[in-house]
Amino acid sequence: MKLRTRITGLATAAGALTAFSACLGESTRIELATGDAEAEPGGIYEVRTYHFDPARFEEYAEVARGEYIRYLREHLDIAGFWIDSGIPAEVRGAEQDELGPGNVTWVIRWASKAERDERLPQVLGTPEWGEIFAEVPGGGASYLRIEVRFMEALD
């Protein structure tokens, strides 16, 4: 069984782990990561925004809620995975192009760009991911645009 949780505050974490470990068998591995939603010092966040074909978006959302997210969370440090809520975007300033705002966004935490460049192709290159990705409604052509940005925390 794989269990992931995030506990903030060292005192809270220590108390929770002490109580929790009494309930677990000896073969259970507990990993404690410090920080809240921060990357390691000098770390980065990979922000992925997709403009997925609106005609197939509902199908995509259904499939993504299953194996996509399960696999990605199992193999990557996912900060979050979001899909369009249906509430119209509020845009100010320059006009957007014909695609409008993205409708899928997810964020991965990395220690460095070098780690990302090494690990992401490994994770997305497995036969298991190939089978999962084959379920994309309309295939890869349904991704009308993919934007990837690398961000760092301000605080």
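**Briefing: helix α3 and the four-stranded sheet**

Helix α3 (residues 113-124) has 12 residues, which at 1.5 Å a residue should span 16 Å, and its end C-alpha atoms agree with this, being 16 Å apart. The model is predicted. Its protein chain contains 4 helices and 4 strands, which follow one another from the N terminus as α-β-α-β-β-α-α-β.

**Helix α3**

- The buried residues of α3 are Arg116, Leu120 and Val123.
- Viewed down the axis of α3, its buried residues lie within an arc of 65 degrees, so they line one face of the helix.
- An α-helix makes a turn every 3.6 residues, so residues three or four places apart point the same way.
- Ala114, Glu118 and Pro121 are exposed, and they sit on the face of α3 turned away from its buried side.
- The cover over the buried residues of α3 includes the helices α2 and α4 (127-133), together with the strands β1, β3 and β4.

**The sheet**

- Four strands form an open sheet in the order β2-β3-β1-β4, and their pairing is antiparallel.
- At the edges are β2 (78-83) and β4 (143-151), each of which pairs on one side only.
- On average, neighbouring strands of this sheet are turned by 15 degrees against each other, with direction ignored.
- Strands in a sheet pair through backbone hydrogen bonds, in either a parallel or an antiparallel manner.
- Between β2 and β3 (residues 104-110) there are 5 bridges, and the two strands run antiparallel.
- Ile78 has Ile108 of β3 as its bridge partner.

**Helix α2 against the sheet**

- Helix α2 (residues 57-75) lies across β1 (44-52), β2, β3 and β4.
- Relative to β2, α2 runs at about 170 degrees.

**Whole chain**

- The protein chain has 155 residues, and buried residues make up 26% of them.
- Of the contacts between residues at least 6 apart in sequence, 81% join residues at least 24 apart.

**Confidence**

- For the protein chain the mean pLDDT is 80, with 73% of the residues reaching 70 or more.
- Residues 1-39 have a pLDDT below 50, and in the model this stretch has 28 contacts beyond near neighbours in sequence.

Key
Residues are numbered from 1 along each chain as its sequence is written. This is a predicted model: local features need pLDDT of at least 70, side-chain atom pairs count only at pLDDT 80 or more; totals for chains, interfaces and linings use all residues. Side-chain values use heavy atoms; hydrogens and water are left out. Two strands pair if DSSP finds at least two bridges between them. Axes are lines fitted to C-alpha atoms, for helices over the stretch in contact, and angles run from 0 to 180 degrees between N-to-C directions. Contact means heavy atoms within 4.5 Å. The expected span of a helix is 1.5 Å times one less than its number of residues. Buried means under 20% relative accessible area, exposed over 50%, partly exposed in between (1.4 Å probe, protein chains only). The arc is that of the directions from the helix axis to the C-beta atoms. pLDDT is the predictor's confidence in each residue, from 0 to 100.
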